[in-house]
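Subject: Structure handover

Dear colleague,

I am passing on the structure below, followed by notes on what was found in it. Please read the notes with the model open beside them.

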Amino acid sequence: MSRDPAGTRASEGGKSGLAKLALLSLLTGAAIGLVIGCFRVALDHMNTARTDAIAWAQQSPVLGFVLVCATVAAITAFAAWLVQRSGQPAAGSGIPHVEAVIEGTLPAAPLLLLPIKFVGGLFAIGGGLALGREGPSVQMGANLAQFWGSISRLSNTDRIALFASGAGAGLAVAFNAPIAGAVFVLEELVRRFDIRIAIAALGTSCSAIAAASLLIGRQPDFNVPDLASPSAWTGPVFAVLGILAGLAGVAYNQLIVKTCAVFDGLTSWRPVVRTLFIGALVGALAWFAPNLVGGGDTISQQALVGGIGLTALSVIFAVRFLLGPLSYAAGTPGGLFAPILALGACLGTGFGLLCPQFVADSGATPATFAIAGMAAFLTATVRAPVTGMILIFEMTGAFNQALPMLWASFAAMAVPTLLGNAPIYDSMKARTIGVARTM
């Protein structure tokens with residue numbers, strides 16, 4: 001695949017070709033919705049089983065601790081082994097691989113990638129690694145779209161459009177956010193506006209959500225109480241939060257890159273040994289603090305409803321700040337969005353609790369700062385502010401919090417850009433290309 005440099009050039013077939021692309025986008029989206037919907041349901045069961053198993057194991061402190069550490073280590077190692085033995089580029093988020101395929105740097109993966117990503121993601125995230133479900137979902141969506149595009153004999157331009165749109169549909173179902181999924185295609189994956197890609201992205205996202213709703217419903221992912229609209233004059237306060245998020249995002253991106261480099265450099269350790277080591281550490285953490293492991297949705301939800309105190313927020317933020325890069329270095333399937341949202345929610349809530357006078361003067365609540373913090377931290381790391389804000393809108397239903405998010409995202413976008421820090425997916429793309437070529 002190679003990206004069409006003209007952007008708006010008509011694909012072969014004219015209007016009939018566009019009609020075929022639109023119809024295929026709807027059919028492909030429905031298939032993606034069912035697959036990713038099943039993935040979400042299975043992952044929920046895995047997370048519940050992990051929590052129940054730890055509670056049962058804690059009846060025997062010594063033996064139970066060893067059993068939990070060994071089990072999480074084995075599960076993590078199996079997920080990494082599955083990726084390595086498959087010969088497919090299924091490690092990590094998958095978004096850098098999708099972008100490399102769209103750019104023409106790497107070839108698209110065969111359909112074998114889908115079950116590897118599905119099963120590996122279930123074991124890695126369900127086992128407790130601090131990874132997000134959106135990474136496997138995006139890559140599985142793109143993989144399904146690539147399959148349908150190839151058997152339907154689409155032109156190269158329209159295959160790119162369907163491939164990118166399938167990735168966006170995967171994100172849409174991962175977070176129950178259809179608009180964010182379509183915008184993600186244009187803002188992050190292709191980074192330009194193209195009419196054919198826009199039509200395909202809208203089609204795949206809406207049909208994917210329609211199909212997935214049969215399995216996961218249509219309620220927002222987070223339950224947020226009704227929030228008052230903050231005063232327009234308190235924007236600079238949220239800009240300060242955005243500056244902090246920007247600085248933290250730079251540090252987080254650098255930590256991910258350096259942690260992966262350190263583990264890649266441990267050539268004297270076999271890959272399975274490195275993965276077992278990381279899994280055992282996560283298992284130990286899960287034993288003492290079960291709520292701190294996994295994707296991070298529970299942490300985000302508690303922060304949004306004010307269920308975490310300032311001291312606990314500080315501890316959670318510090319632990320998760322280290323756990324995310326460590327989990328990503330394990331080489332298993334798993335994304336970055338959900339852990340980033342948890343960090344942003346903690347940062348925003350903590351800022352709101354530290355600045356009670358600002359909260360009182362603005363008419364806001366700590367939840368308002370949590371929502372702004374989620375958008376700001378995602379913007380600082382990924383550098384896709386529109387996708388981030390729309391994603392938070394759809395996940396929380398807090399549509400009247402646009403101005404705080406806008407101020408925070410503005411500052412969070414400016415700080416890393418001025419510091420010369422690259423977006424995380426750009427930083428990881430070179431590593432992804434190198435791994436894919438060796439496989």
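Of the 439 residues in the protein, 59% are buried, where buried means under 20% relative accessible area, exposed means over 50%, and partly exposed lies in between, with a 1.4 Å probe and protein chains only. Please keep in mind that this is a predicted model, in which local features need pLDDT of at least 70 and side-chain atom pairs count only at pLDDT 80 or more, while totals for chains, interfaces and linings use all residues. Residues are numbered from 1 along each chain as its sequence is written, and side-chain values use heavy atoms, with hydrogens and water left out.

The protein has 18 helices and zero strands, both taken as DSSP runs numbered from the N terminus (helices are H or I of at least four residues, strands are E of at least two). Its radius of gyration is 21 Å, close to the 22 Å of the globule rule for 439 residues, so the protein is as compact as a globular protein of that length; the radius is taken over C-alpha atoms, and the rule is 2.2 Å times the number of residues to the power 0.38.

Helix H6 (residues 156-175) has 18 of its 20 residues buried, so H6 is largely enclosed by the rest of the structure. Just after H6, Asn176 takes a positive phi of about 55°.

Turning to the aromatic residues, the count comes to 16 aromatic pairs, where rings of Phe, Tyr and Trp (its six-membered ring) pair if their centres lie within 6.5 Å, with planes under 30 degrees apart counted as stacked, over 60 as edge-to-face and the rest as tilted. Phe337 and Tyr425 form a stacked pair, at 6.3 Å centre to centre and 25° between the planes. Phe337 lies in helix H13 (residues 337-354) and Tyr425 in helix H18 (residues 424-438), so the pair ties together parts that are 88 residues apart in sequence. Phe337 is buried at 1% relative accessibility, and Tyr425 is likewise buried, with a relative accessible area of 1%. Together with Phe175 and Phe184, these two residues form one aromatic cluster.

By contrast, Leu214, found in helix H8 (residues 195-216), is exposed, with a relative accessible area of 70%.

With best wishes
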